Amino acid sequence: MEIYILILHFIWDSAIGEVVKMNFVQNFCEVLEPMLRRVVNEEVKNALRRTLSCTNSNAMRFKSLEPSTMQLKFRKHLTLPIFTGTKILDEDGNPLEIYLSDINNNQQSTFAGTMKLQIVVLDGDFPSVEGYIWTSDEFEKHIVKERRGKRPLLAGDVSVTMKDGVVFLGDIELTDNSSWIRSRKFRIAARVVQGPSHELVIREAMTEAFVVKDHRGELYKKHHPPMLDDDVWRLEKIGKEGAFHKKLVANNIKTVQDFLRLSIVNESKLRTILGVGMSDKMWEVTINHARRCVLDNKLYVSRGPNHSIFFNPICQVSKAVINGETFNGRDLSRLNRAHIKKFVAEAYQRWNSLEVIDGLLNDIPLLTQGTKPSHQI
């Protein structure tokens with residue numbers, strides 16, 4: 001009997017245990033189910049968002065493998081050289097202009113609407129071959145970013161809106177030189193980041209490759225063309241604070257105008273000042289650079305009892321009035337060259353005391369003529 005009772009207790013305990021276990025599992029599942037639903041829903045939503053984002057990103061890049069029918073282009077070349085911290089302009093000194101071109105006829109597109117463009121910096125070695133048809137992925141891979149710890153490489157209006165196929169860039173400048181990348185050159189480029197249609201395929205624009213120098217280099221750069229009041233070291237082959245510069249300044253030749261005046265009046269003296277360190281080849285480079293100087297319209301007048309001699313800013317005779325007779329242009333070649341040289345030498349010695357007037361420099365100065373003079377004074 002006792003054995004039966006023990007068996008009944010065992011069966012009862014086992015049944016109760018199973019019921020408890022079943023209740024626990026059921027209750028646990030009821031609690032866990034909403035949590036699992038939330039986690040699954042969140043993961044599904046995230047996966048959808050990533051898929052849509054990737055799809056939109058690829059669409060915004062216009063599916064790089066599709067053929068392009070339109071292309072962004074820069075209207076003109078850049079003003080070179082380019083220095084860090086200096087506004088980037090076109091070859092005419094104006095803001096850069098980008099326009100939309102129809103590849104089929106190489107004409108400016110008549111597109112009407114707006115598009116958002118991003119301005120970026122490219123490696124100067126890309127593309128490696130002229131005329132190469134690149135993909136958007138290749139373009140992306142060659143975008144140059146700033147060095148670690150540096151400011152953004154391109155500063156200013158790097159995001160612009162193109163309207164009706166044309167846009168002018170505002171202030172853009174590079175913050176770092178180009179010496180640290182293998183090609184040692186950059187390009188400025190533009191790409192569409194938001195267009196009117198995902199089906200419209202537009203190739204990116206890019207400038208010619210160029211070197212970027214640190215701004216401090218601008219303090220020593222040469223001017224092309226030089227100006228009359230430029231320091232004389234702005235001329236080629238004359239370095240700032242160098243031997244030639246010091247020799248010239250010691251002889252009161254401080255500006256390009258001073259240099260040109262002495263070259264007209266006494267070239268041999270000027271070359272003596274520079275010394276044997278300036279070879280004939282170097283001299284040709286320097287004097288040719290100086291002669292590209294832009295002259296102003298001022299005339300310098302030397303007056304005497306029976307004459308008035310008019311000089312341009314570098315001491316060349318532009319006009320002469322002698323005994324009431326006026327000589328200008330080719331008529332100047334009729335004058336006695338020895339007397340004219342005397343007038344030139346005298347004018348040079350007292351240059352700062354000459355009368356200065358405004359005039360036109362259409363006439364050919366005497367000392368550039370090769371015709372032998374015959375008129376005696």
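Which residue in β15 does S302 stand opposite? Have a look at the structure while you think about that one. The residue is I309. Before we go on, please keep in mind that this is a predicted model.

Hi everyone! Strand β14 covers residues 298-303, and strand β15 covers residues 307-311. They pair in the antiparallel sense, over four bridges.

Next stop, the nonpolar cores. A bit of background first: in soluble globular proteins, nonpolar side chains tend to be buried together. In our model, the largest nonpolar core has 32 residues. Those with the most contacts inside this core are L72, I98, L174, F186 and I188. Which elements give two or more residues to this core? They are β1, β3, β5, β7, β9 and β10.

Let's pick out I188 and see who its partners are. Leaving aside residues up to four places away in sequence, I188 touches F74, I88, I119, V120, V121, L154, I172, L174, A205, M206, T207 and F210. Another core, of 21 residues, lies apart from the largest one, and its members include L228, W233, F244 and I273.

Two of those names come back when we turn to a pair of helices. F244 is in α3 and I273 is in α5. Helix α3 spans residues 243-250, helix α5 spans residues 267-274, and the two pack at an angle of about 125° with their axes 8 Å apart. So α3 counts as oblique to α5. Where they meet, α3 brings F244, K247 and L248, while α5 brings L270, I273 and L274.

Last, the cysteines. How many disulfides does the count come to? The count comes to zero. Is C293 buried or exposed? Its relative accessibility is 9%, and the cut-off for buried is under 20%, so C293 counts as buried. C315 has 0% relative accessibility, so C315 counts as buried as well.

Key: Residues are numbered from 1 along each chain as its sequence is written. This is a predicted model: local features need pLDDT of at least 70, side-chain atom pairs count only at pLDDT 80 or more; totals for chains, interfaces and linings use all residues. Side-chain values use heavy atoms; hydrogens and water are left out. Two strands pair if DSSP finds at least two bridges between them. A disulfide is a pair of cysteine sulfur atoms within 2.5 Å. Buried means under 20% relative accessible area, exposed over 50%, partly exposed in between (1.4 Å probe, protein chains only). A nonpolar core is a set of buried Ala, Val, Leu, Ile, Met, Phe, Trp, Tyr and Cys residues joined through side-chain atoms within 4.5 Å. Contact means heavy atoms within 4.5 Å. Axes are lines fitted to C-alpha atoms, for helices over the stretch in contact, and angles run from 0 to 180 degrees between N-to-C directions. Angles under 35 degrees count as roughly parallel, over 145 as roughly antiparallel, 65 to 115 as roughly perpendicular and the rest as oblique.
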